[in-house]
Amino acid sequence: MVGPIYIIAVALGLAFVMGLFGKSLKNLSEWAMLAGLGFMTFVSGQWLLEFMNNTRAVETIFTAGFKPPYSINLQMGIQEAFFTFIINVVGLLGGIYLFKDLKQTGPNAMMVFLVFVMSLNVVVMTRDMFNLFVFLEVGSIATAGLILLNNNGNALQAGMKYLIATGIISSILLVGIIYAYYFSGSLNIDDILAANLGASKVTVIAVFLIYVSVLLELKPFPANGWGIDVYTAANPGIGALVSAASASASLFVLYKLASLGGAEWLNYIAIIGGITFVGSNLIGTKQESPNRLLGYSSIGQIGLLTMIVGLSNILGEKMIFIASGILISHYAAKAGLFWLSGIINAKDIKGWAALRKSPFLLFLFGTFVFALIGFPPFPSFFGKWELIMTLATGGHWAWMVTILVGSFIEGIYLFRWLGYAIKLDHDELPDFKIEWNKIFPVWIMAIVLYAVGVYVSPLTEGGMFINYLPLMFVLFLFAIDFLPIYIKNTVSIGGIIWYMFHIYPVLENDLLRLIFAGIFLIGGVLTLMAGYNKKGTRKGFYPMAMMMYAGLIGIIESSSMLEFFFSWELMTAGSYFLIIRGKRSLPHGYSYMLFSIGGAYAILFGFGLAFASGFDTSLAALGDINILPTLAYSLLAVGFMTKTASLGLHIWLPGAHGEAESDVSPMVSAILLKAGVFGLMLLFLYMDRASAGANNLWYVLGWVGALTTLVGNMSAAFQEDAKRLLAYSSIAQLGYILFALSIMTHLGWLAGFTYTINHFLFKAILFLVVGGIVVKLGTHNMYEMGGMIKKMPFSFIAVLISIIVIGGIPPLSGFAGKWLFYNAILEKGWYFQGALIFFSGIVAFLYLYKLIHSIFLGQLKDNHRTVKEISAWILVPSYILIIGIMIFSAFPHWILKPIETMIAPYFSSQALMWDGTKALTSYGYWDGTTIMIVVGTAFVLLLTWLIVLSAKAKKIEQFNIVFAAERPFRPETTHVSYNIYAGYKKALGFVVAPGITIFWNVVSTFVLEVANWFRRIYSGNMQNYALHVVLYIVVFYLIALGGF
Amino acid sequence: MEYIAISTGFALMLLGLWGILSQKNLIKIVLGFTIFDTGINIVMVSIGYVKGKAAPILDVINASEAANKIVDPVPQALVLTAIVIGLGVTALMLVYVLKLHREKNSLDINSFKDLKW
């Protein structure tokens, strides 16, 4: 074992010797520095390992041979080992990253670098108050020196601001220390903590001065302009160190001194942290400069951690796990992002579009963004989960809201940024070079994130059951991403099919899950088949698609809330990447993500309440919520409804589905939306039916469903874009499902299931086929299509059958759904909503007619004369789905009977009886098989007769009389289907006025304007920043001690 | 006596702080800092002062009875360290001022507001 004192000795010695290096040795100095940093890393790493194996007690190092308080002592426990290790690791990697910059500046810079890292080590290890002050000062001086690595005006200004502010702060700390010494008689931290200085009105001044200066070192909002400027102007390599290493050390100081004042002071710390977390992230939303944005984000994350330290009494023993999960994510992600920023060297976050040139860098960027937000499988996910659960247990709603709101605001700018990198159109992508020494540290940090995430997951309750198998498959697909499409497609399909066999025995006795597993997995295979029709390598598509399916199947498999949430987030991440792949999908992917994060946090809050109700981590806890049950159920419902795109939460869907790639649309429409339905079903089945809150909620949701249907159908009727028409139709169909489920009767649920299965079948067909046609014809606009019936007869039949299902026309399964639906409405007595639903059913015919007429009937356009049928790879899965429709239509009892048996225990009366193939209710009966036979026979007879009759008819060739000698400037206006329902629009258009879009726009503008207003305090004047620091001290004093 | 020292110390601190916050010339701001630091040092020494006792120099006082006769030596030791640190910080600040002056040929603090918001 190498003693911790050697960390300091080696760094100081090396820094000293470097000054004596002659010319010949000068070239070796950077290697010497790296060796020194490597040694420091090794020492702290070895201690960390020992502590983790529990083979050692805490080590105290006495300097000068005396015991405290007569000498300075250092301590090396597991926490110190952890902090020094992460500091030294980022120091070493940062040294590698800055290799050339440091070499250029010479050995002096390296000395400063070594001293910087060393000072942070001492700050962590020391148990002496004055020694702490000295090394904080050494660290500040070294930082100010390192800022000069970027020798430009901005860095100079930032450094000066930093010096002035830290000068004032450390002076305050010094006064605090001298008072602490005066009152406690010792400089040893443990003695000072034991003196209980917070208890007396006189001695509390020492507590105040120490706390306020330690907190100011953490750059609390809004007294942090000096800190942000450092992040903005310094070399990103230095920014990484300040953000990852200095901030960690300062945080550890706060943690060390947390018990100095007592519970009341912890409260102040938590509040200061909370304000910083929300405020700093809020201002981040208006940032365009990558480094400054990272600065705000860093300060925000440190604010969150400060808050966690402040809440340590509430969090108890979980505090260490929570804090380290969030800290390590912040540490690795922020260092990685700063380093990436240095590589790309763009002034504006829009310039990060250049990342697209290097998929690996893009992968790293995505990793860091998701780690910061707290997505699985990163440590912050588990940290945040435990944080919310623990806070919920204690009933600390305000803190939960603060954390979730702050995290959401962070998502606003991080995902805008990620979207730019993935998708933004840029004429000239700035060039950047990738040097090995700059990219290597970034990779290490990404690996740290994944490794630590998987390592910590079993430490959470329920986390050990998380199934990482699908994720391994995703990683494998990443590894083979360079292969051509047909190989990856086959591997993916193979993987899903294998999983079907794997999961069937598990779910065999759980019909609810089996149905959804069927939709997800069979749907997955069928929609993937369409991918064979694409060429090239389709980089990044397969891992992301599989991530979505992994999440979907994980939702099905999960038995605990943690597993469910883990999979839910995984699905969100995967689907986000799929959606944003579309050509014009940048804004739509972004809004999808924001709604998804918002929804996920609503779910998390609900899960927290469920957990707090009975300390049950399984999903069954949802059935037993006794703390704020109405709020919990509403939040959960809202969370799931962000995925079902119910009215108010639907504005992301039309763009996301309409602009997605042709085979992605069916995935995210026919399949992904069902995750929300599954969530709602689970929730409704678990919900406590007896409580009045639950019934009111269902009543409201019923109205929401009915209105969603109306708005969805009417909007669909007014679309000119074929895919958007289908997207709005999805909104409406999901509205039907929500309505049917909210009825909460036996019949209602049967209708809900029928609609769910139907929507999966026909929407997959429609999006596949129409997507294929859109690609073939090169336009989304239906008025630019026409006459495709002869060119694409198979597509026509597929679309025809699908719209018969949507329309609910016998004999297909849509009719079964409608029949059950109206029975359920009559039985429930929801007549107003029923009328609305009935009316929207009629509106549906308008868009269905428009769809099939404008694409397939009417005049063939000149430029489409050579068009051929769409690819067989699209038609085959569509026709397999049609077979599904036929089976479901002719033998509905095969599926509906078992469903009925399954849901029977949940509902009091069994309103539906079966008599063979005949379904009976008190309002009548319906027999799918018979109807199929009757209508089928009639259809065949009529068709035969029609063919016989028209055999003698003369064929009329098409000729162009469309424009009749006019020269219209907007020729589409002469097309019959263009604005075909103008009259209806005039009469009823107000229903589809984009009120909700306007509402959300106002909300987002408001948030951004608030951010814009607040950031004006960062005037750039260093004197103002010094004043902020002084005012912060004064205000904190008045609040904490002034009796305010 | 000790009240004079400690009040002078605090007065100097406030004076220094006033200088930092009100002066527009960078050199004067740095001077404000040194005054601020000096104030703190005086406060520190005065806190360790015990009425009627000698300086903690063992040449003058017999080591065996030193504990009863001298003032608390720790604050004095701290002040020495604080002075050294103050020197370092001041030197670095002056270097910054020099470089800033070269950059814009101005010492006015208002000409260095390029980074904001």
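This is a predicted model: local features need pLDDT of at least 70, side-chain atom pairs count only at pLDDT 80 or more; totals for chains, interfaces and linings use all residues.
Helices here are DSSP runs of H or I with at least four residues, and strands are runs of E with at least two, numbered from the N terminus.

On helix 8 of chain A, the contact residues include Asn154(A), Lys161(A) and Tyr162(A), and on helix 11 of chain A they include Trp226(A), Asp229(A) and Val230(A) (contact: C-beta atoms, placed from the backbone, within 7 Å). By class, this contact has seven nonpolar, three polar and two charged residues. Ala, Val, Leu, Ile, Met, Phe, Trp, Tyr, Cys and Pro count as nonpolar, Asp, Glu, Lys and Arg as charged, and the others, Gly among them, as polar.

## Sheet 3-4-5

Three strands of chain A form an open antiparallel sheet in the order 3-4-5; strands pair if DSSP finds at least two bridges between them. Strand 3 (913-915) and strand 5 (924-927) of chain A are the edges, each pairing on one side only. On average, neighbouring strands are turned by 25 degrees against each other, direction ignored.

Three bridges join strand 3 of chain A to strand 4 (residues 918-921) of chain A. Met913(A) has Leu920(A) of strand 4 as its bridge partner.

## Conventions

Residues are numbered from 1 along each chain as its sequence is written, with chains lettered from A and ligands numbered from 1 in the order in which they are written. Local features need pLDDT of at least 70 and side-chain atom pairs count only at pLDDT 80 or more, while totals for chains, interfaces and linings use all residues.

Key. Two residues are in contact if their C-beta atoms, placed from the backbone, lie within 7 Å. Axes are lines fitted to C-alpha atoms, for helices over the stretch in contact, and angles run from 0 to 180 degrees between N-to-C directions.
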